[in-house]
Amino acid sequence: MIEGLDAILSDFHIQTQHPELYEMAFTHRSYTNEHPECPCYDRLEFLGDSILDMVVGRLVFDHFPKDNSGVLSKARAALVDGKTLMRLSESVYGFASLVRYSQGERNNTAHHGHINEDVFEAFLGAVYLDQGFIFVEKIIIDIFTPLLPIALEVSAQRDSKGKLQEYLHGCPVQYVVVSSSGVGTDDVSYTVEARLGKNVLGVGTGHNTKEAEVNSAKDALRKKVGN
């Protein structure tokens with residue numbers, strides 16, 4: 001068994017009769033190329049992705065009872081997008097350290113973030129096959145319910161800031177707090193500039209820096225970045 005896998009299974013209260021499913025979930029295709037007897041996580045990822053979308057879809061449906069399908073889709077997307085799954089896989093549950101790579105791929109860390117996202121979904125697929133839907137549904141609910149209150153905020157942040165990044169063809173945008181008022185009171189306000197180098201693309205205010213960053217990105221998009 002992969003070193004450390006026992007601890008992961010224990011953390012999730014999984015008593016498995018099929019450890020090979022979890023070994024598969026943490027096996028990259030490069031390792032399979034060198035060890036053909038060890039299948040990679042590709043098929044489990046497909047399965048876990050489908051289950052994750054369905055369960056999180058139900059969560060946002062119940063949590064936002066007055067919102068339309070467009071809002072629900074954005075909330076779900078914010079919760080299950082690559083950045084969220086990568087953070088959960090790497091920083092919260094320690095999945096990244098278990099992934100089996102070929103010797104050459106192990107050093108190719110530039111692509112490992114995406115792989116760690118895939119591994120998270122593959123793990124859910126393995127849990128489903130091993131423990132059944134009710135068990136994996138509970139795991140997903142336990143993981144994502146605490147994130148529901150910030151789903152729309154994250155969606156708005158990634159939407160506006162992401163669109164600005166796309167407009168600039170990936171050029172890095174800096175978000176700089178230029179002023180604040182009412183700090184320590186209920187009427188706190190921050191002003192942030194979205195900058196590309198020394199150029200100010202947009203300015204936004206908000207009750208926290210994240211909101212101000214989003215509004216500065218929106219302002220930059222409204223101005224079409226100076227065009």
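## Core, pocket and salt bridges in a predicted model

Leucine 79 is in contact with Val56, Val60, Thr84, Leu85, Phe144, Leu147, Leu148 and Ala151, when residues up to four places away in sequence are not counted. The structure described here is a predicted model.

### The nonpolar cores

Leu79 also belongs to the largest nonpolar core, which has 45 residues. Within this core, the members that touch the most others are Tyr22, Phe26, Leu79, Phe123, Ile140 and Phe144. Two or more core residues come from each of these helices: α1 (5-11), α2 (19-25), α4 (42-63), α5 (69-80), α6 (82-92), α8 (112-131) and α9 (133-144). The greatest contribution, eight residues, is that of α8. Another core lies apart from this one; it consists of seven residues, including Leu168, Ala194, Leu201 and Ala220.

### The second largest pocket

Which residues line the second largest pocket? The lining is formed by Asp11, Phe12, His13, Tyr93, Phe135, Lys138, Ile139, Asp142 and Ile143. With five residues, α9 gives the most to this lining. Sorted by class, the lining has five nonpolar residues, one polar residue and three charged residues. The volume of the pocket is about 150 Å³.

### Salt bridges

How many salt bridges does the model contain? The count comes to seven. Three of these pairs are set out below, each with the distance between nitrogen and oxygen.

| Residue | Partner | N to O distance |
|---|---|---|
| Aspartate 42 | Arginine 29 | 3.6 Å |
| Arginine 222 | Aspartate 219 | 3.6 Å |
| Aspartate 219 | Lysine 223 | 3.1 Å |

The salt bridge between aspartate 42 and arginine 29 joins their side chains. This pair links distant parts of the chain, with aspartate 42 in helix α4 and arginine 29 in helix α3 (residues 29-34), 13 residues apart. Both partners are partly exposed: aspartate 42 has a relative accessible area of 38%, and arginine 29 has one of 42%.

The salt bridge between arginine 222 and aspartate 219 has its closest N and O atoms 3.6 Å apart. How far apart are arginine 222 and aspartate 219 in helix α11? Because they are three residues apart in this helix (residues 209-222), about one helical turn separates them. Arginine 222 counts as exposed, at 61% relative accessibility, whereas aspartate 219 counts as buried, at 12%.

Aspartate 219 also meets the side chain of lysine 223 in a salt bridge. Lysine 223 has a relative accessibility of 42% and therefore counts as partly exposed. Through salt bridges that share partners, Asp219, Arg222 and Lys223 are joined into one network.

### Histidine 63

Histidine 63 is located in helix α4. Is histidine 63 buried, exposed or partly exposed? Its relative accessible area is 35%, so histidine 63 is partly exposed. When neighbours within four places in sequence are left aside, histidine 63 is in contact with Leu148 and Pro149. Histidine 63 and valine 92 are 29 residues apart along the chain, and their C-alpha atoms are separated by 23 Å.

Technical notes: Residues are numbered from 1 along each chain as its sequence is written. This is a predicted model: local features need pLDDT of at least 70, side-chain atom pairs count only at pLDDT 80 or more; totals for chains, interfaces and linings use all residues. Side-chain values use heavy atoms; hydrogens and water are left out. A nonpolar core is a set of buried Ala, Val, Leu, Ile, Met, Phe, Trp, Tyr and Cys residues joined through side-chain atoms within 4.5 Å. Buried means under 20% relative accessible area, exposed over 50%, partly exposed in between (1.4 Å probe, protein chains only). Helices (H or I, at least four residues) and strands (E, at least two) are DSSP runs, numbered from the N terminus. Contact means heavy atoms within 4.5 Å. On a 1 Å grid over the protein atoms alone, a cavity is a set of points where a 1.4 Å probe fits but cannot get out, and a pocket is an open set with protein on both sides within 12 Å along at least five of seven lines; lining residues have an atom within 4 Å of a point. Grid points are joined across faces, edges and corners, and a volume is the space filled by probe spheres set on the points. Ala, Val, Leu, Ile, Met, Phe, Trp, Tyr, Cys and Pro count as nonpolar, Asp, Glu, Lys and Arg as charged, and the others, Gly among them, as polar. A salt bridge is a side-chain nitrogen of Lys or Arg within 4 Å of a carboxyl oxygen of Asp or Glu.
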